[in-house]
Amino acid sequence: MKLVKLLMACWRVAAAQCVPLALIMTFIDLVNDGLTWDSVSGELVFSPLTWGILTFAVAVVGVWSLRRRAVATGIPLSAEALDDRQTHVLHPVPVSDGWQERVREKLAASERVFLVAEKGQEEIHFRWRPGRGKQSVWGSMSFDAPSGDVVLDVRDGEGLLGVAGLGKGSSFAAVCQIAGATGLESGTVRG
């Protein structure tokens with residue numbers, strides 16, 4: 001049921017992005033074919049159907065991409081994966097002495113991270129590139145040494161292309177990448 005909700009959310013995003021192009025293409029086809037009853041009725045039936053199928057295919061690719069990332073890191077996937085802000089509680093594997101330093105070192109060693117700023121031993125702020133371009137998301141890690149929890153908070157803010165070009169899901173993709181790069185596994189999701 002969660003995948004169906006995510007698929008419908010991706011489909012809405014894909015359809016919203018394609019509406020201007022679909023309207024322009026429909027108008028161009030109507031002008032080229034002449035404004036007859038047959039051409040108008042054909043365009044009004046087949047154009048929305050065609051664009052609906054195309055946007056559904058884009059949504060399926062987006063869900064597949066998000067699911068692949070989530071399965072690789074064990075982070076739960078839901079319709080909230082498209083939100084601009086992701087907050088997850090993660091745990092180091094395994095929890096042992098010096099785990100905070102190991103997580104910090106792995107994060108700093110990644111090629112995707114830059115502008116790393118530490119706020120004492122409890123928190124670290126950084127920028128993360130979830131894609132191949134120079135655009136990035138804001139991120140922070142808060143460490144709770146007694147419980148072994150790491151609260152990872154990632155916020156989108158630069159209009160990234162997102163998964164499958166949907167413009168959404170960059171924050172979730174970054175969470176999955178950070179978890180994989182630092183050796184953290186999923187705990188729970190915070191509201």
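This is a predicted model: local features need pLDDT of at least 70, side-chain atom pairs count only at pLDDT 80 or more; totals for chains, interfaces and linings use all residues.
Helices (H or I, at least four residues) and strands (E, at least two) are DSSP runs, numbered from the N terminus.

- Leu184 counts as buried, because its relative accessibility is 5%; buried means under 20% relative accessible area, exposed over 50%, and partly exposed in between (1.4 Å probe, protein chains only).
- Setting aside neighbours within four places in sequence, Leu184 is in contact with Leu90, His91, Pro92, Val103, Met141, Val150 and Ala179, where contact means heavy atoms within 4.5 Å.
- Ala16 is 168 residues from Leu184 along the chain, and their C-alpha atoms are separated by 35 Å.

**Helices α3 and α4**

- Two packed helices are described by the angle between their axes and the distance between the axes.
- Helix α3 (residues 99–109) and helix α4 (residues 170–182) have axes that come within 8 Å and cross at roughly 120°.
- Those axes are lines fitted to C-alpha atoms, for helices over the stretch in contact, and angles run from 0 to 180 degrees between N-to-C directions.
- The two helices, α3 and α4, are therefore oblique to each other; angles under 35 degrees count as roughly parallel, over 145 as roughly antiparallel, 65 to 115 as roughly perpendicular and the rest as oblique.
- The crossing of α3 past α4 is right-handed: a crossing is left-handed if the near helix is turned anticlockwise from the far one by less than a right angle, and right-handed if clockwise.
- On the α3 side, Val103, Lys106 and Leu107 meet Ile178, Ala181 and Thr182 of α4.

**Strand β2**

- Val113 sits in strand β2 and counts as buried at 10% relative accessibility.
- Beyond neighbours within four places in sequence, Val113 is in contact with Leu107, Ala108, Phe126, Arg127 and Trp128.
- Leu115 is also in strand β2 (residues 113–119), but this residue is exposed, with a relative accessible area of 59%.
- Most residues other than glycine have a negative phi.
- Leu115 has a positive phi of about 50° although it is not a glycine.

**Aromatic rings and charges**

- A search of the whole structure finds two aromatic pairs; rings of Phe, Tyr and Trp (its six-membered ring) pair if their centres lie within 6.5 Å, and planes under 30 degrees apart count as stacked, over 60 as edge-to-face and the rest as tilted.
- One of them joins Trp11 and Phe56 edge-to-face, with 4.9 Å centre to centre and 75° between the planes.
- Trp11 lies in helix α1 (residues 2–33) and Phe56 in helix α2 (residues 37–73), so this pair links distant parts of the chain, 45 residues apart.
- Both partners are partly exposed: Trp11 has a relative accessible area of 29%, and Phe56 has 31% relative accessibility.
- The charged end of Arg127 sits over the ring of Trp138, 3.8 Å from its centre, and Arg68 lies over the face of Trp64, at 5.1 Å from the ring centre.
- A charge sits over a ring if NZ of Lys or CZ of Arg is within 6 Å of the ring centre and within 35 degrees of the ring normal.

Technical notes:
Residues are numbered from 1 along each chain as its sequence is written. Side-chain values use heavy atoms; hydrogens and water are left out.
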